[in-house]
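Thanks for coming, everyone. Let me put the structure up, and then we'll walk through it.

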Amino acid sequence: MTRETIINTALVIGLLMVPLWAWVADEPFIITLSTKVAILALAGVGLNIAIGMGGMISFGHAAFFGVGGYAMGILASHAQSYTPVFGLFEGSNSMPVIWLAALAASGMAALGIGALSLRTSGAYFIMITLAFGQMLFYFAISWPAYGGEDGLSIYMRNGFPGLNTLVPIQFFAITCALLAGALLFAARLAKSPFGLALNAARQTAERVETVGIYPLKLRLSAFVISGMITGLAGALFADLNRFVSPTMFSWQTSGEIMVFVILGGVGRLFGPVAGAALFIMLEHVLGGLSEFWHIYLGLILLCVVLFARGGIIGTLAGRGVAHD
Amino acid sequence: MTNPVLSVQKINKNFGALQACKNVSLDLRPGEIHALIGPNGAGKSTLIRQIAGSLRPDSGLIRFLGKDVTPFGTVARARMGLGRTFQISSLAMEDTVLQNAVLGAIGAAGGRLGLFKSALKDTASRNVALEALTRVGLQDHMATVTAELSHGQRRQLEVAIALTLKPKAFIMDEPMAGLGAGGSKRLTGLLDGLRTQAPILLVEHDMDAVFALANRISVLVYGEIIATGTGEEIRADPQVRSAYLGEEE
């Protein structure tokens with residue numbers, strides 16, 4: 001077993017044991033925090049596919065997080081008021097339906113944004129993705145039908161067949177299962193021919209062209225996959241809070257998702273899990289000490305970038321071991 | 001006479017006032033090694049990039065397998081069977097040697113790239129990669145991270161990836177550069193046998209290798225081909241002697 005495997009196993013055990021302990025000890029708040037970690041980690045797993053595998057430093061993943069969130073908000077609010085969505089079809093308060101809608105909507109958003117943004121690279125790519133995120137942010141603010149600036153409250157958490165999603169531990173189990181699925185998918189993707197080619201395109205696009213593969217197609221497909229996973233996380237996040245607001249689209253949200261990835265370790269499978277867990281712990285612990293806890297987060301982030309390039313996982317596990 | 005596999009017809013390329021290619025024509029016939037030599041800055045790499053498709057000529061035609069490929073990009077030409085190696089190694093440095101070679105095999109197989117199955121466990125592409133690595137002598141370094149290879153081994157890997165493509169023509173940009181005497185000899189032997197599989201357009205500075213291998217040699221000076229012929233003819237050509245070979249003596 002490599003050290004990275006041991007660390008990943010420890011993370012999984014931690015993410016499962018903490019809420020189980022909290023369940024036994026009747027600490028629903030801790031369960032909710034763990035659920036938040038799982039959801040934000042899922043958003044990070046999405047972004048990590050773009051940044052870590054594809055080398056696409058997207059500063060606009062809040063766009064997909066928000067689209068996922070609003071997919072949930074729109075469907076659920078129409079189900080709540082028994083009115084059809086855009087006068088066309090019924091709303092829904094079933095999680096699986098909402099997830100599919102969130103995946104489809106964020107995938108389409110990623111296809112459009114990716115097709116335009118991927119003409120650029122480097123700093124321009126960062127800026128153009130940021131610009132798209134901000135465009136959606138202001139669009140959400142100025143769209144009165146779904147709450148505009150105030151956002152949209154959903155009174156009931158959406159349902160999942162056979163479960164009571166209002167019970168914190170059950171909702172945690174759902175988010176955790178989806179996170180596990182996404183991690184499994186990302187792990188297989190990294191080793192697949194697609195992942196191999198994408199990874200090579202990040203390092204040398206010329207080589208990939210020379211073997212007859214279009215780097216742009218690889219990047220766009222990866223960007224769509226990445227946006228869809230982050231969009232699914234957005235739908236879950238909205239369900240966790242039972243509230244959707246334009247904040248989900250804000251550049252701060254993009255920044256936070258990026259912080260999970262960088263804190264945990266860019267390109268590391270479990271990096272976003274470690275990053276999101278540390279972020280939420282810091283927010284909880286430091287936030288209790290000071291209102292200005294972001295200063296300390298900034299210092300930690302600075303240290304990671306300066307001294308621990310591989311993030312938490314990279315520092316603990318050493319350099320990445322090549323597969324096979 | 002058989003049709004050339006690759007033919008470059010009257011190509012011109014200017015960068016501002018600099019004429020990098022002046023009316024360049026050359027062809028590559030089945031079964032031959034055609035060497036392209038010339039002093040530094042003669043425009044060899046510019047010509048290679050136009051043949052490979054990463055640079056468009058200002059005028060002129062490039063025909064490959066009887067088809068005009070001038071408007072095609074690198075990917076389309078690679079898919080048709082143009083196997084290129086780079087002068088400055090262009091490899092996925094963080095990946096292993098085997099991963100680099102498998103990438104070639106995957107590309108050559110064409111079609112969709114799978115999202116779920118493991119690339120390295122796919123026996124078809126793995127075997128193609130292993131065979132190519134063995135031919136260049138890298139079979140003992142499969143698990144090595146490419147960044148840790150010596151310069152010469154990177155050159156060998158470049159050639160191995162081109163082999164995995166099973167191309168209809170090879171374009172090799174200084175494959176011997178930086179190789180030690182042993183490596184150079186080994187690669188010379190490999191290329192010698194390779195010409196029956198697909199003809200090779202070889203840009204090379206190593207004159208021993210060029211004269212040992214090439215069926216024909218073209219000499220490029222200041223963007224212009226001043227002579228094309230067999231090794232004997234080139235050696236005897238007074239223009240070539242003064243422009244190029246003479247200076248080396």
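What distance separates the centres of domain 1 and domain 2 of chain B, taken over C-alpha atoms? It is 25 Å. This is a predicted model, where local features need pLDDT of at least 70, side-chain atom pairs count only at pLDDT 80 or more, and totals for chains, interfaces and linings use all residues. Residues are numbered from 1 along each chain as its sequence is written, while chains are lettered from A and ligands numbered from 1 in the order in which they are written.

Domains next. Domain 1 of chain B covers 1-81 + 167-249, and domain 2 covers 93-166. Those bounds come from an automatic or database domain assignment.

Each domain of chain B gives 12 residues to the contact (C-beta atoms, placed from the backbone, within 7 Å). On the domain 1 side, helix H6 of chain B, residues 181-194, gives the most, with four residues.

Now the sheet in chain B. It is open, with six strands in the order S6-S7-S8-S3-S9-S10, and its pairing is mixed. Helices are DSSP runs of H or I, at least four residues; strands are runs of E, at least two; both are numbered from the N terminus. Two strands pair if DSSP finds at least two bridges between them.

Strands S6 (82-85) and S10 (224-229) of chain B are the edges; each has a single partner strand, so one side of each has no neighbour in the sheet.

Look at S7 (residues 169-173) and S8 (residues 200-203) of chain B. They run parallel, joined by four bridges. B:Ile171 stands opposite B:Leu201 there.

Notes: Two residues are in contact if their C-beta atoms, placed from the backbone, lie within 7 Å.
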